Amino acid sequence: VFSLYLSNPERLIDVYNAVAKTNYPLDTPVEINTLTNVLYKNQLNDLSFVLDNQYVVLIEHQSTINDNMALRLLLYCARVYEKMLKKCPVHKRMRVKIPVPKFIVLYNGKADYPEHSVQKLSESFKVEQENPALELKVEVYNINYAKSPELIERSEILKDYSLFVQKVRDFEAGDSVQDEHTLERAIATAIRYCIEHDIM
């Protein structure tokens, strides 16, 4: 749902503006370049896009806490650049200019998590380095409806998505018949609620 909902340039810009506290107009050029498995047609990462030909933004959505996001995003980023630079003369003398990378994780799991934190690739190194030769910083934001009011108030898109997830949980918890179909019923009820209240 998350990847499908945000696979729209205007929604991506809205969310990026909220997270980065920028003011890009909704008609700013966006090139979506999310990685896919050519053979099986499934997505490898959640979302990646080039914003205004200046930034390459990778956004991952997590419903569980994962301390390996910096490592995963390093691998995704390398593949995204490789895809972007297929026809660039990287072996020639002239320097090739590339968009600045931005790494964002949006968390909305049930486990408690801070409103904002930073995960570093160097935290995964077996030997601690004061000035590592390779570093990657991931901004992690808690987008649960009641946990990050300041962030989600800056983006109607994030607010609607957070509210949809919260409604699924509310209806799941309130279901009088708990069985293997409980989540399925909760999602269907949340969808009806969101349609009736013009959410998403």
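Visitor: How far apart are the end C-alpha atoms of helix 3, and what should its 16 residues span?

Guide: Helix 3 covers residues 69-84, and at 1.5 Å a residue its 16 residues should span 22 Å, which agrees with the 22 Å between its end C-alpha atoms. The expected span is 1.5 Å times one less than the number of residues in the helix. Helices (H or I, at least four residues) and strands (E, at least two) are DSSP runs, numbered from the N terminus. This is a predicted model, in which local features need pLDDT of at least 70 and side-chain atom pairs count only at pLDDT 80 or more, while totals for chains, interfaces and linings use all residues. Residues are numbered from 1 along each chain as its sequence is written, and side-chain values use heavy atoms, with hydrogens and water left out.

Visitor: Which residues of helix 3 are buried?

Guide: Met69, Ala70, Leu73, Tyr76, Cys77, Val80 and Tyr81 are the buried ones in helix 3. They lie on the same side of helix 3, because they cover an arc of only 135° around the axis, the arc being that of the directions from the helix axis to the C-beta atoms. Buried means under 20% relative accessible area, exposed over 50%, and partly exposed in between (1.4 Å probe, protein chains only).

Visitor: And what is exposed on the other side of helix 3?

Guide: On that other side, Leu75 and Glu82 are exposed.

Visitor: What covers the buried residues of helix 3?

Guide: The cover includes strand 2 (47-51), strand 3 (55-62), strand 4 (100-107), strand 5 (116-120) and strand 6 (137-142). Contact here means heavy atoms within 4.5 Å.

Visitor: Stepping back, how many helices and strands does the chain have?

Guide: The chain comes to 6 helices and 6 strands, and from the N terminus on they run α-α-β-β-β-α-β-β-β-α-α-α. Its C-alpha atoms fill a box of roughly 65 × 45 × 40 Å, taken along the principal axes, and buried residues make up 40% of the 200 residues.

Visitor: What share of the contacts joins residues at least 24 apart?

Guide: Counting contacts between residues at least 6 apart in sequence, 55% join residues at least 24 apart.

Visitor: Back to helices, then: what about helix 5, how far apart are its ends?

Guide: Helix 5 runs over residues 156-174, and its end C-alpha atoms are 26 Å apart, which agrees with the 27 Å that its 19 residues should span at 1.5 Å a residue. Its buried residues include Ile157, Leu158, Tyr161, Leu163, Phe164 and Val165, and also Asp160, Lys167 and Arg169. Among the elements that cover the buried residues of helix 5 are helix 1 (2-6), helix 2, strand 3, strand 4, helix 4 (149-153) and helix 6.

Visitor: Helix 6 came up there, so where does Thr182 lie, and is Thr182 buried or exposed?

Guide: Thr182 lies in helix 6 (residues 182-196), and Thr182 counts as buried because its relative accessibility is 4%. Leaving out residues up to four places away in sequence, Thr182 touches Glu172, Asp175 and Val177.

Visitor: New topic: what is the phi of Lys21?

Guide: Lys21 has a positive phi of about 55°, although Lys21 is not a glycine. Most residues other than glycine have a negative phi. Lys21 is found in the loop between helix 2 (9-20) and strand 1 (30-32), and Lys21 is exposed, with a relative accessible area of 57%.

Visitor: And what is the phi of Asp52?

Guide: Asp52 has a positive phi of about 55° and is not a glycine. Asp52 sits in the loop between strand 2 and strand 3, where Asp52 is partly exposed, with a relative accessible area of 31%.

Visitor: One more loop, please: what does Leu85 touch?

Guide: Leu85 is in the loop between helix 3 and strand 4, and Leu85 touches Val90, Val96 and Ile98, not counting residues up to four places away in sequence. The C-alpha atoms of Leu85 and Asp46, 39 residues apart along the chain, are separated by 21 Å.
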